[in-house]
Amino acid sequence: MTTATRDIILPAEWRDFWALTKPRVMSLVVFTALCGLLAAPGNIHPVIGFTAILCLALGAGACGALNQYFEADIDAKMARTAGRPLPARRMDRAAALNFGIGLAAFSVGVMGVAVNWLCAALLAFSIFFYAIVYTIWLKPNTPQNIVIGGAAGALPPVIGWAAVTGSLSIEPLLLFAIIFMWTPPHFWALALVKNDDYKAANIPMLPVVAGSLETRRQIVIYAILLAPLAVVPSFIGMASVGYGVIAAIAGLVFVAMSLQLFKTGDHKHAMRLFAYSIMYLFLLFLGLVIDHAVLGCLVGAA
C-alpha cells in the first residue's frame, strides 16, 4: 500500500459514529445509572427518568468519542484498538472531535433543563474528568491512571440517584465507592492479558511499569478491600440482610479468583476474573434494585 493510499480517509458511516461512543462501556454506564435511579428513595416521572438515562448515555458517548480523538495515534499502535474508526482511517479526526463536543454539550444542557442542574454538573464533571484529566494527563503519565481515572466511571449511579432526589447523601457515595474500588482489579485483569499492546503504545499501565507479580498483588488487595465494602449497604439500612449475604458470597468468590490469578499468573485466569468482575458488579447493582423494590412492597403492604 502506498503512502498516498494510506492517507485517504474513507467517508464515515453511522456505524463509525456509533463505534466512537464505545457502546460496551456505555451499556455499563447506563446500567449502573439506572440502578442508582431505581434504588433511590422517592419517585420520578418516567419521562424525566428516561431523559436522565438518555443524557447519561449521550454523555458516555461523548467521553468515548473525545477519548478516541485524543488517542487516535495510540490506538493505531495497539492491536485491540487499531480497527477503530480513526486509526483505520474511516473518519476525519475533526469529525470525531465535533461529534464528541456536540454530544457533551447537548447531554449536559438537556440534563440541566429537563432533570436538574446538580445532575448536569456531575455529568459535565464526569465528561471533563474522563476526556481531559484521565485521557490526556493520567493515562500517559502514571501507572495509577486507572485508579484515579476510575472516578469518572463511578459517577453514573450517583447521577441516577440525584435525578430522583435532587441531592447527594451517603448512599450514592457508597455506590460511587464500590465502583471506584471495583475498577482497578477489573481493568488490571485485562491489562495483564493486553500488556504487549500497552508496551507497544508506550502507555505506563501497571503491568508495564511494575510487572505482572505486582499487578496481581494489587488486584488481590483491591479485591479484599472491595468485598466488605459491597456488603455495607445492608448495614446502613440501604439494603436487607439478604442482599448482604449475596454480596458477601460474591465478594468471597472475587477474592478467591484474585488469589488464584496471583498464584498462577495465567492469562486464562486473568480473563476469567475480568469476565467475573463484570458479572459481580451486575449482581451487586441488580441486587440493590430488587432488594429496594421488595422492601418497598413489604413496607407498602404493612
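**Figure 1. F254 is a buried residue, at 1% relative accessible area.** Buried here means under 20% relative accessible area, exposed means over 50%, and partly exposed lies in between (1.4 Å probe, protein chains only). Y280 is buried as well, with 1% relative accessibility. The ring centres of F254 and Y280 lie 5.0 Å apart with planes at 70°, so the pair is edge-to-face. Rings of Phe, Tyr and Trp (its six-membered ring) pair if their centres lie within 6.5 Å; planes under 30 degrees apart are stacked, over 60 edge-to-face, and the rest tilted. F254 sits in helix α14 (residues 241-264) and Y280 in helix α15 (residues 267-301). The pair links distant parts of the chain, 26 residues apart. Ring pairs join F254, Y276 and Y280 into a cluster.

The model is predicted: local features need pLDDT of at least 70, side-chain atom pairs count only at pLDDT 80 or more, and totals for chains, interfaces and linings use all residues. Residues are numbered from 1 along each chain as its sequence is written, and side-chain values use heavy atoms, with hydrogens and water left out.

**Figure 2. F17 and F99 form an edge-to-face aromatic pair.** The whole structure holds 10 aromatic pairs. F17 belongs to helix α2 (residues 14-20), F99 to helix α6. The two are 82 residues apart, so the pair links distant parts of the chain. F17 is partly exposed, at 28% relative accessibility. F99 is also partly exposed, with a relative accessible area of 24%.

**Figure 3. Helix α4 (residues 46-70) packs on helix α6 (residues 93-114).** Helices (H or I, at least four residues) and strands (E, at least two) are DSSP runs, numbered from the N terminus. The axes of α4 and α6 are 8 Å apart, at an angle of about 155°. Axes are lines fitted to C-alpha atoms, for helices over the stretch in contact; angles run from 0 to 180 degrees between N-to-C directions. α4 and α6 are therefore roughly antiparallel. Angles under 35 degrees count as roughly parallel, over 145 as roughly antiparallel, 65 to 115 as roughly perpendicular, and the rest as oblique. The crossing of α4 and α6 is left-handed: the near helix is turned anticlockwise from the far one by less than a right angle, whereas clockwise would be right-handed. The contact residues divide into 20 nonpolar, five polar and one charged. Ala, Val, Leu, Ile, Met, Phe, Trp, Tyr, Cys and Pro count as nonpolar, Asp, Glu, Lys and Arg as charged, and the others, Gly among them, as polar.

**Figure 4. Helices α7 (residues 117-138) and α8 (residues 145-154) cross at roughly 165°.** Their axes come within 8 Å. The two helices are therefore roughly antiparallel, and their crossing is left-handed. On α7, the contact uses S126, F129, Y130, Y134 and L138. On α8, it uses N145, I146, I148, G149, A151 and A152. Eight of the contact residues are nonpolar, three polar and none charged. Contact means heavy atoms within 4.5 Å.

**Figure 5. T135 lies in helix α7, and K139 in the loop between α7 and α8.** T135 is buried at 4% relative accessible area. Beyond four places in sequence, T135 contacts N67, F70, E71, Y130 and P140. T135 and N145 are 10 residues apart in sequence and 8.8 Å apart in space, C-alpha to C-alpha. K139 counts as buried, at 10% relative accessibility. Leaving out residues up to four places away in sequence, K139 touches E71, Y134, N145, I203 and P204.
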